[in-house]
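Here is a short note on the charged pairs. Please read it with the model open.

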Amino acid sequence: LKKKHFNDDEIILHSRDMLRQKGLFAHWRTQADKEKEFWSEFITFIDNKKIALAFVVVDKEKAKKLGWNEIAILKRVYNKMLEEFAGKHLISNGGKIVAESDPSQDKYLIQAHNRLQGIGMPSIGLTPAHYRARLTSLSLVNKANLDVDVQIADSFATMANIVYMTKLGIKVDLTPV
């Protein structure tokens, strides 16, 4: 898709720039058909049984009212994300986790991973050994690493937030895309 639409397979698909039609995506302002064509192919590419998308959306204001600080939010989010991944995917399949590295958050992801390596998820019959055997890797990468899976996740995270806001009835300005 990168080669076809941008003649460059090493560009970074950064959702903020894509959705705002900035930088490498500025030409979409005058070529709406090109933008729609890209997104249509992008969605078709993602609509694949081998790809599972999972999101945890946090209402930070509500969490803070419950007395959670930023660290509590991060710990709960990473624990929930890995539990859902393990329960819905690893229980019957192998898999890997590729996360965009953020030095202020990486340790909480690693802690959640270590927790499952140590205790598994007894509630669903996932032993620590089963978790370790099924999870093939945990990678912390940055955008400059050009991991397309991180770029895809980045694009869909923005969209997950839009879906969440819409379901809450909060007005979201939607583009035709």
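**Salt bridges in the predicted model**

1. Start with K4. Its relative accessibility is 55%, so K4 counts as exposed. Bear in mind that this is a predicted model.

2. K4 forms a salt bridge with E41. The closest N and O atoms lie 2.7 Å apart. This pair links distant parts of the chain: K4 sits in helix α1 (residues 2–6), E41 in helix α3 (residues 32–46), and 37 residues separate them.

3. E41 has a relative accessible area of 24%, so E41 is partly exposed. K4, at 55%, is exposed.

4. A network of salt bridges links K4, E37 and E41.

5. Next, helix α5 (residues 70–90). K80 and E84 form a salt bridge there, at 3.2 Å from N to O. The two residues are 4 apart in this helix, which means about one helical turn separates them. K80 is partly exposed, at 41% relative accessibility. E84 is partly exposed too, at 29%.

6. Then the pair E70 and K64. Their side chains meet in a salt bridge, 3.3 Å from N to O. E70 has 37% relative accessibility and so counts as partly exposed. K64 has a relative accessible area of 41% and is likewise partly exposed.

7. How many salt bridges does the count give? The total comes to 6. Among them are K4 with E41, K80 with E84, and E70 with K64.

Definitions and conventions: Residues are numbered from 1 along each chain as its sequence is written. This is a predicted model: local features need pLDDT of at least 70, side-chain atom pairs count only at pLDDT 80 or more; totals for chains, interfaces and linings use all residues. Side-chain values use heavy atoms; hydrogens and water are left out. A salt bridge is a side-chain nitrogen of Lys or Arg within 4 Å of a carboxyl oxygen of Asp or Glu. Buried means under 20% relative accessible area, exposed over 50%, partly exposed in between (1.4 Å probe, protein chains only).
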